[in-house]
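Welcome! Here is a short briefing to read alongside the sequence and the 3D view.

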Amino acid sequence: MKPASNDARIDRRRGLISEDLMQFRWLDDIALAPDGSRIAYTVRHPQAETNGYTTHVYLRDLATGSVQRLSSGASTAFALAWSRDSQQLAYSYSEGGANSVRVWSESGTRSYPIDGEAFTGTDWSPDGRRLVGVRWTAIRSVDDRSSAPGIPPPTIKVVRRLRYKQDGSGWVHDRFTQIWTLELDTGDLVQLTHSECDYATPKWSQAGDKLAFVGTSREQNIPLGYGQIFILDYPGGTPRLLLPDWQGSALSPVWGEDDRSIAFAGHNLPPPVNRRNFWQPHIADVAAGTARKLGADLDEEVGNYAVADQRKGLANITMKWAPGDAYIYFLLTEQGATNLFRITPAGEYERIVGGSSVTFEYSPAVGGTVAYGQANPANPGELYLWHNGAVAAALRFQPVAARPLPLAAGRVLVQRTRQR
């Protein structure tokens with residue numbers, strides 16, 4: 001047999017093996033400062049020693065390209081939120097079973113211990129004095145069979161709903177996500193909702209006198225079982241439905257600049273319904289309590305449905321509207337790809353990031369700037385910046401040498417809890 005020519009080369013590439021997964025890095029949360037000057041983001045990587053993950057928060061200055069790492073240790077950072085003036089960044093921090101909220105500024109980092117469940121879904125009040133978020137909260141029911149003095153605790157669980165467990169959260173039959181505020185001057189935690197309903201995505205109005213958030217019951221035979229938007233006058237108000245006659249689902253509320261409108265993703269199909277409901281862009285008239293669909297010819301679904309097990313989220317059904325901006329942003333899944341769109345309150349829309357990839361997270365700022373994460377079958381995700389039609393090259397989201405910032409001395413506040 002004639003030997004093979006020396007010019008013949010065989011490109012041998014080994015396949016992916018399990019050990020390679022330990023080298024993966026995933027871009028998770030992205031938060032662009034309202035003035036477009038900085039991007040905050042989190043990077044998650046596996047930890048073999050703990051059979052878990054570590055997630056750190058990074059801060060990139062877009063003018064200089066410099067990168068800082070704000071967290072350290074075997075910790076998890078999440079729920080990034082910028083203050084309205086772009087001078088402070090809040091994020092939740094968990095390490096060794098202890099939870100806190102940290103607030104970064106150029107003068108240092110303050111830490112607010114959180115006794116019990118973590119503080120997530122964070123949003124800043126316009127005056128910068130408090131944060132609003134959600135926490136898993138125990139709700140005592142009439143069927144509560146807690147132990148009494150001298151009586152051993154029960155070994156049974158009383159379950160009254162079909163939705164009694166959740167992935168990543170475990171048993172939730174006796175606790176619900178409730179709305180809380182964190183007072184930054186005192187460290188006080190204040191509970192605002194107190195019902196057997198799961199509340200999520202709280203957003204301050206531009207004037208700071210109202211909160212909008214989603215409530216979802218655990219019964220699917222009523223509209224509230226699919227998510228409804230509530231409005232709460234702050235302080236001292238009682239939650240009320242934004243759309244009293246809405247019979248479908250309404251998610252991810254975001255206020256317009258004048259507080260007269262709220263954009264959201266939703267559908268108006270009555271229960272019971274199957275899971276092929278299309279959440280589409282809508283805008284509500286707050287005073288009238290009515291809503292209309294945006295983009296009459298849009299028939300795809302808001303969210304990322306081109307998902308895989310590498311992403312921590314499964315849908316990302318969100319609408320985002322930077323204060324003072326003319327456009328509302330959202331994701332739309334089209335033929336196996338997830339693309340980034342923007343739309344005006346009049347319903348004029350455009351696809352600004354397309355292709356055959358998956359845009360899994362995004363964060364807009366006023367003036368036509370959006371930071372976003374995009375993945376494809378060969379890459380678990382890169383960080384990009386879109387500005388008025390131009391896309392910057394992929395930003396290196398994993399810095400080689402970055403030092404964590406220490407906490408500012410004497411700025412660790414004692415947390416207190418009270419109800420309102």
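A residue is called buried here when its relative accessible area is under 20%, and exposed when that value is over 50%. With that cut-off, strand β6 (residues 89–95) is mostly covered, as six of its seven residues are buried. Please keep in mind that this is a predicted model.

**Strand β6 and its neighbours**

- On one side, β6 pairs with strand β5 (residues 75–82) in the antiparallel sense, over six bridges. Within this pairing, S92 of β6 is the bridge partner of F78.
- β5 and β6 make a hairpin with six residues between the strands, where S86 takes a positive phi near 65°.
- β6 also pairs with strand β7 (residues 98–105), again antiparallel, through seven bridges. Here L89 stands opposite W104 in β7.
- The hairpin of β6 and β7 has two residues between its strands, and G96 in the turn shows a positive phi of about 60°.

**A closer look at S86**

- Leaving aside residues up to four places away in sequence, S86 touches A33, P34, D35 and R38.
- A polar atom of the S86 side chain lies 3.0 Å from the backbone nitrogen of D35.
- The C-alpha atoms of S86 and L32 are 9.1 Å apart, although 54 residues separate the two along the chain.

**A four-stranded open sheet**

- Four strands form an open sheet in the order β19-β20-β21-β22, with antiparallel pairing.
- Its edge strands are β19 (249–255) and β22 (290–293), each of which pairs on one side only. From one strand to the next, the twist averages 30°.
- Inside this sheet, strand β20 (residues 261–267) runs antiparallel to strand β21 (residues 280–285), and six bridges join them. S261 stands opposite D285 in β21.

- Nonpolar side chains tend to be buried together in soluble globular proteins.
- The largest nonpolar core has 41 residues, and L242, F330 and Y362 are the ones that touch the most other members. Strand β25 (residues 328–334) supplies the largest share of this core, with five residues.
- Not counting residues up to four places away in sequence, the contacts of F330 include P281, L298, V302, M319, L340, I343 and Y362.
- Another core, of 15 residues, lies apart from it; I30, Y41, Y58 and A375 are among its members.

**Salt bridges**

- The count of salt bridges comes to 15.
- One of them joins the side chains of E106 and R38, at 2.3 Å from N to O. E106 sits in the loop between β7 and β8 (108–114) and R38 in strand β2 (residues 38–47), so this pair ties together parts that are 68 residues apart in sequence. E106 is exposed, at 62% relative accessible area, whereas R38 counts as buried at 11%.
- E117 and R175 form a salt bridge too, with their closest N and O atoms 3.3 Å apart. This pair links the loop between β8 and β9 (120–124), which holds E117, to strand β13 (residues 175–183), which holds R175, so parts 58 residues apart in sequence are tied together. E117 is partly exposed at 35%, while R175 is buried at 16%.
- The side chains of E350 and R342 meet at 2.7 Å, N to O, in a salt bridge. E350 counts as partly exposed at 33% relative accessibility, and R342 is buried at 9%.

Key:
Residues are numbered from 1 along each chain as its sequence is written. This is a predicted model: local features need pLDDT of at least 70, side-chain atom pairs count only at pLDDT 80 or more; totals for chains, interfaces and linings use all residues. Side-chain values use heavy atoms; hydrogens and water are left out. Buried means under 20% relative accessible area, exposed over 50%, partly exposed in between (1.4 Å probe, protein chains only). Two strands pair if DSSP finds at least two bridges between them. Axes are lines fitted to C-alpha atoms, for helices over the stretch in contact, and angles run from 0 to 180 degrees between N-to-C directions. Contact means heavy atoms within 4.5 Å. A polar contact is a pair of N or O atoms within 3.5 Å; within protein, one must be able to donate a hydrogen and the other to accept it, and residues adjacent in sequence count only if both atoms are side-chain atoms. A nonpolar core is a set of buried Ala, Val, Leu, Ile, Met, Phe, Trp, Tyr and Cys residues joined through side-chain atoms within 4.5 Å. A salt bridge is a side-chain nitrogen of Lys or Arg within 4 Å of a carboxyl oxygen of Asp or Glu.
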